[in-house]
Amino acid sequence: MSIKTTSGYDPRKSEWEGILIDKWKPSKWKQWKGELKDDEAKVEREYLRIKHSVKRSNTALILDKVKVKLKLTSYKSIGLQGTFPCKPGDVGKNGSGNKQYTLSLGFTANDVGLKAAITKARELDLLLITKQFQWTRELLGKQSQKLNLTDIHKSEKLVRSWIEEYEQTFWKNHEKNRQGLRTWESHYIRHLKKLDWGVPLSIPILEAALEKTKPNSSSRFF
């Protein structure tokens, strides 16, 4: 049976007897609005029930040391929140290669959506732990429309890989003797260490490394 509500209605803004719904304990969702049985009261109780279920699910995830959590992104949908490698072209605080994101993956705020969200949270956490996480079109959402698939895959190549390839090329053109090692250490690797080697290469990553050097200094020149 469908429930009809007023256009623009949002149960998160509801109140009852002077109490805002978000100040009400979700575990007492059955008591919200007492005996009222109108459509809006039903929607609000369902919102509180799912909110309570999300809280309980997150407690279980924490106990299992899963770092990806569930979050009600609206009263109709459940998102996933956690710290992930930066999205293509993005950069974390102070040039970090990781950043907290809330992912909207289309999980409806009901029992079925809740179970699917929990499964996805555990899946993503495992990928993060095993360092196999990659941004996909599904995870990027609307942002993926601005990137072609090749760009997304290219962005997954870590700075470490680029530097290792560059070092191989360097030694093809330089003798690996005392002078060559001194040149590599002082003119190249010393400055490349300013980069975060564990993240995909991007312009923001390069800019963050550049900001660590003084303007017009030899370190910025190299």
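Nine salt bridges turn up in this structure, a salt bridge being a side-chain nitrogen of Lys or Arg within 4 Å of a carboxyl oxygen of Asp or Glu. This is a predicted model, where local features need pLDDT of at least 70, side-chain atom pairs count only at pLDDT 80 or more, and totals for chains, interfaces and linings use all residues. Residues are numbered from 1 along each chain as its sequence is written, and side-chain values use heavy atoms, leaving out hydrogens and water.

**Helix α2**
- Helices here are DSSP runs of H or I with at least four residues, and strands are runs of E with at least two, numbered from the N terminus.
- The buried residues of α2 are Gly113, Leu114, Ala117, Lys120, Ala121, Leu124 and Asp125; buried means under 20% relative accessible area, exposed over 50%, and partly exposed in between (1.4 Å probe, protein chains only).

**Salt bridges around Lys120**
- Glu123 pairs with Lys120, their closest N and O atoms being 3.1 Å apart.
- Both lie in α2, three residues apart, about one turn of the helix.
- Lys120 also meets Glu138 in a salt bridge (3.3 Å, N to O).
- Lys120 lies in α2 and Glu138 in α3, so this pair ties together parts 18 residues apart in sequence.

**Elsewhere**
- Lys99 and Asp90 form a salt bridge too (3.2 Å, N to O).
- Glu46, Arg49 and Asp111 are linked in a salt-bridge network.
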